[in-house]
Amino acid sequence: MKYNITIIGAGIIGSSIAYCLSKYDCSILVVDKENDIANEVSMANSAIVHAGHDPEDGTLKALLNVEGNRMYPQLCEDIGARIRHVGAYTVMTSPEQQATMDALIKRAEERNIPYEVLTAEEARKEEPNLADDVIKVLSLPSTAIIIPWEVALKQMQVAVLNGTEVKLNCEVKAIRKNENGYVLETSQGEIETEYVINCAGLYADRIANMIAPLDIHTNPRRGEYFVLSHDAKDFVHHIVYPIPTDKGKGILAVPTVDENILLGPNAEETGSCEAINTTSSGLGYIRQELARSVKNVPFHHTIRTFAGLRPSISTKDFYIKKAEGEENFLNLLGIDSPGIASAPAIARYVDDLLKLPYEVKASYETKNPYRFNFQDLTPEEKDAYIKEHPAYGNIVCRCEQISEGEIIQSIHEVLGAHSIKSVKKRVRPGMGKCQGGFCQPLVLEILARELKVRPEDVLYDQIGSNVVLDWKGGNGNA
Amino acid sequence: MRKVQCVIIGGGSAGLAAAVELKKNGIDDLLILEKGPEPGGILNQCIHNGFGLHEFKEELSGPAYAERFADQAKELGIPIECNTTVTAFYPDKTIEVSNSSGYEIIQAEAVVLAMGCQERTAGQIQIPGMRPQGVYTAGTAQRYVNIDGYSIGKRVFILGSGDIGLIMARRMTLEGAKVLGIAELMPYSNGLQRNIVQCLKDYGIPLYLSHTVTNIEGFPRLNKVTITEVDANRRPIPGTEKVFEVDTLLLSVGLVPDNTLTVEAGIQLDPRTRGVEVNEYCESPMPGVFAAGNVLHVHDLVDYVTAEGRKAGRGAAKYLKGELKERGGFPTKAGNGVGYVLPQRVDYPKEDPTVEFSFRVRTPYKNAKIVVRDGDTVLKEIKKPALLPAEMEKVILPNNVLANIRNELTIEVKEAE
């Protein structure tokens, strides 16, 4: 198999790059070791498009965050992804934080980022659950939330419609050079490619070292989170967090696109790319630290806890450079916060940096054609649609009210759902209060039927995560 | 818009009993809405026996018990729309309904809420560790095994000694799996005594009281759980860890009434039961809206669910006939040692010859007595050799007593002298 460009990693960065480069008249392959798009770092994070006032002057983070934030509204419109400009409230709780506050304001001013300083009283009108000792709030209305895996998937779908190929469950094991460029030795055989773009997230340092030794290491930093049910949706309406310290942005309270509340993350270096376990100490720390910025936290509405890893590096800035002595091998390391906010700008930066020798195609897609969302219909429109498409009337997930029709739709799109979790990421069955208790068996049945596989071959997520173990002849086949 | 006198949301044991009772009380314009493919609700996956000892004086399986009521409803000509989900419920008693023939709005005069309950999940109880495949709530596991006919694991540990957990310990054993034990956070089991004997002791499955799961390992499939003993404040005691190599962890850590629709309609919940507050006819504070079964409070026996469904059905019929008008009675109160008392109010103390009160104790008691008071006046004392949180207790009071209650009716437990 030969390609002009191979992108390693199908997270939000790989997807954004594929979306951007798929305009060129060349062959592009995206490989990922996971069983779905955006399945690791891009799946477990705070989902925030930061305004861009936080990164220090002169950093790539500052440059790309500000630009990315400005690109997002148009991007989301083009790809049909949802974005909510909820705004951020950075809260100050002691006079000693004034200097940091001033520095943030100065940066916002210089970078043309809209902001407003609110008194505690003004802020409390909007957010009654702000902690009692909040004395001042920096409001940043251009801060938004997205669903990172949705933004990744919808960009990648457009890339695929433009001719990009995606190979999942394809792990790069080694890389060697040949006369035309590089040969990737993968779990699915050898891939020849002229260009390599390494955006492998947690594993980007390992991939980089396969071609030229690099003195930068990824130190996975774990962040744990609580997810609260829709019953808690009015707890906060802005992203609320304390004035940042050396340790990071502090513990956030985030209203999500789908009207849940996300609380977290802590930050802990784990030294392992697999340590996505939650801990009592980590969750306890979040409970304790949240009190700095908010009160009356409705923890009793918790429906899930999870942990994600950030692909942090010691220099603390994004590292986007060609490998030593290699014109056509680009490494992207340390894409942690504000990586999501920066993703579209990173893709543009990569495009500029590579100066690819390919022509832009005479015609290519920038818009995602999958726009139909049954949930947006009025009751009358739903009735009419169900009469034509009965599966949309059959509710599979009661908590999130997801119909069989929507699940089938997600399975048959480009890069369609093919596991319980990939269905959940695309259309949400299992994201509600019962966490799939009622709907998972139904989703399993639909997947088996639509994909024409045995139910015991249906995976929850990765290879080896089969949901049911063996078929003993229920459902009339006894 | 379709108009129906009384809509019953949920065709499980509570909904079926309510509908039958409505019909028997002269209400013909009824409709049961059931999300599943057939009536019976969760009973359909409870293939073990033990249902109906009170109702029928015999031990039926869950499906057999459900069938008796489904047959009655059928004989009475009560319409049931299956594979039909209620997606919204509004204070004006309009109901949005979705099924494969369309999306419809129904206007009801009275509504019986009978949506049942949900299981508490791993996320809700925040077990630390990985989130691998192989961790199920006991009810979901029961469905996979009993309805769909799949095997879900070979080596199993169970957290929580609720009844479904106990039943599944036996079920998984009979399916050829090895059940290594059950951990229970409390120093006593939350399941029925008969289930502890018949599901654990008979199969030699150890029950670890005052233990909880403190770590889950393995990815993508579960391969290890760690349990740890807890102190009197339910905090894990370091050094008491035990590790079990298992591929499956079942959770039987409590049930929560499924009141998403109720809350959306603006009806507040009682934080103790997590169901609506009701009077003796199972009527919520919103006139014409009734609730029965596990959506009201979590029951131990289905027979009691049926009885409560009947009560709600009779109440809804009275409401529709204009017989429930002037509310004026007294509230009830959970006193010392009691978790909650149902109904939370008595609104029509003279209407019926008796009113039945249900409650659960917070902790186990031996040689205790139940005391029923009106303010400081003791109305009734009942000696009990044993009281368990797992088992619902009942007190019945006649209307000549109820008519004279001045303050609030308090039910409490006292250690016998």
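Me: What is the mean pLDDT of chain A?
Reply: pLDDT is the predictor's confidence in each residue, on a scale from 0 to 100. The model is predicted, and 98% of the residues of chain A reach 70 or more. The mean pLDDT of chain A is 95.

Me: Over which residues of chain A does pLDDT stay under 50?
Reply: The model has eight contacts beyond four places in sequence for this stretch of chain A. The stretch where pLDDT stays under 50 is residues 473–478.

Me: How many residues of chain B are in contact with chain A?
Reply: On the side of chain A, 47 residues take part. Among the elements that give two or more residues to this side are helix 7 (280–290) and strand 18 (302–312) of chain A. The number in chain B is 41 residues.

Me: Why is chain B as compact as a globular protein of its length?
Reply: Chain B holds nine helices and 28 strands. The globule rule gives 22 Å for 417 residues. Chain B is as compact as a globular protein of that length because its radius of gyration is close to that value, at 22 Å.

Me: What share of the residues of chain B count as buried?
Reply: A residue is buried if 20 or more other C-beta atoms lie within 10 Å of its own. Applied to the 417 residues of chain B, this gives a buried share of 51%.

Me: What distance separates the centres of domain 1 and domain 2 of chain B?
Reply: Chain B is divided into domain 1 (1–118 + 255–325), domain 2 (121–253) and domain 3 (327–417). Five residues of domain 1 of chain B are in contact with six residues of domain 2 of chain B. Taken over C-alpha atoms, the centres of domain 1 and domain 2 of chain B are separated by 31 Å.

Me: Which residues of chain B are among those that touch the most other members of the largest nonpolar core?
Reply: This core has 185 residues, and Ile17(A) and Met156(A) are also among those touching the most other members. Leaving aside neighbours within four places in sequence, one of the chain B residues asked for is in contact with residues including Ile158(B), Val179(B) and Leu200(B).

Terms used. Residues are numbered from 1 along each chain as its sequence is written. Chains are lettered from A and ligands numbered from 1 in the order in which they are written. This is a predicted model: local features need pLDDT of at least 70, side-chain atom pairs count only at pLDDT 80 or more; totals for chains, interfaces and linings use all residues. Two residues are in contact if their C-beta atoms, placed from the backbone, lie within 7 Å. Helices (H or I, at least four residues) and strands (E, at least two) are DSSP runs, numbered from the N terminus. The radius of gyration is taken over C-alpha atoms; the globule rule is 2.2 Å times the number of residues to the power 0.38. A residue is buried if 20 or more other C-beta atoms lie within 10 Å of its own, exposed if 12 or fewer, and partly exposed in between; C-beta atoms are placed from the backbone. Domain bounds come from an automatic or database domain assignment. A nonpolar core is a set of buried Ala, Val, Leu, Ile, Met, Phe, Trp, Tyr and Cys residues joined through C-beta atoms within 7 Å.
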